[in-house]
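Here is a briefing on one model. It covers a set of paired strands and a helix packing.

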Amino acid sequence: MTKRLILFDNDGTLYQIPRVFFNTVMDNIYSGIIKATGKSMEDVLRENKALKEKYKTDLTARAFSKEYGFDLERFNSHIYENINPSDLEVSRDQKLESLLGSLEGEKVIYTNNHTTLARKILNSLGIEGLFEDVIGVDQLDYFSKPSSQSFQLVSEKVGLSNFDEVFFVEDKGINLKPARELGVKTVLVGSGKDPGREYADFLIPTIYELRGVIQ
Ligand SMILES: [Mg+2]
């Protein structure tokens, strides 16, 4: 029997991100940084871009933790444990649950979210139990997609070479690039206008069409 692994991105792939979502998450991160550094909101907003460039990260909390020397793990645990899923306006999706339940193979979440946040979202969608593992950026030394280090680390974690067939399902084409270079079958979820379309082996408009690609 073919041993199959399916890697899934979370945000924008398994659910459409509600407008309130990023604001709620970012509000929590900003107020945490204000508390940890004693800075004003204006200063935090002003420094954000430069610090992300300085530390080569697109993660605000990581950039500030490096600059101001606070413990990122503790910071993140506090932030994400305090986010209430109902504030994120993500709700149960039975159609998605039955689709995922019908797919053979191991299913793993690979996301730039913090693992705690990702699990809360999956729980709200009613699908957390369908995944063998949930791997967030905090488990990948904070290397985020689309870096090749990120994909390298997730590959080691899941034991990619033990599988006969690997799929990776994502809503951002560029994030598929390192996987495709290693022979993973890449599935892009979206309209096809994505500039990273060239890195996708398959294109589907929404996750609900996944059965057309993976039988
Ligand atoms: Mg995404």
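Strand S1 (residues 4-8) and strand S4 (residues 165-170) run parallel and are joined by 5 bridges. The model is predicted: local features need pLDDT of at least 70, side-chain atom pairs count only at pLDDT 80 or more, and totals for chains, interfaces and linings use all residues. Residues are numbered from 1 along each chain as its sequence is written.

**Strands**

- Helices (H or I, at least four residues) and strands (E, at least two) are DSSP runs, numbered from the N terminus.
- Two strands pair if DSSP finds at least two bridges between them.
- Phe-8 has Val-169 as its bridge partner in S4.
- S1 also pairs with strand S2 (residues 106-110), in the parallel sense, over 4 bridges.
- In S2, Val-108 stands opposite Leu-7.
- Of the 5 residues of S1, 4 are buried, so the strand is largely enclosed by the rest of the structure.
- Buried means that 20 or more other C-beta atoms, placed from the backbone, lie within 10 Å of the residue's own.

**Helix packing**

- Helix H1 (residues 19-37) packs on helix H4 (residues 72-81) at about 135°, with the axes 10 Å apart.
- Axes are lines fitted to C-alpha atoms over the stretch in contact, and angles run from 0 to 180 degrees between N-to-C directions.
- Asn-28, Ile-29, Gly-32 and Ala-36 of H1 meet Phe-75, His-78 and Ile-79 of H4 (contact: C-beta atoms, placed from the backbone, within 7 Å).

How values were computed:
Contact = placed C-beta atoms within 7 Å. Buried ≥ 20, exposed ≤ 12 C-beta atoms within 10 Å, placed from the backbone.
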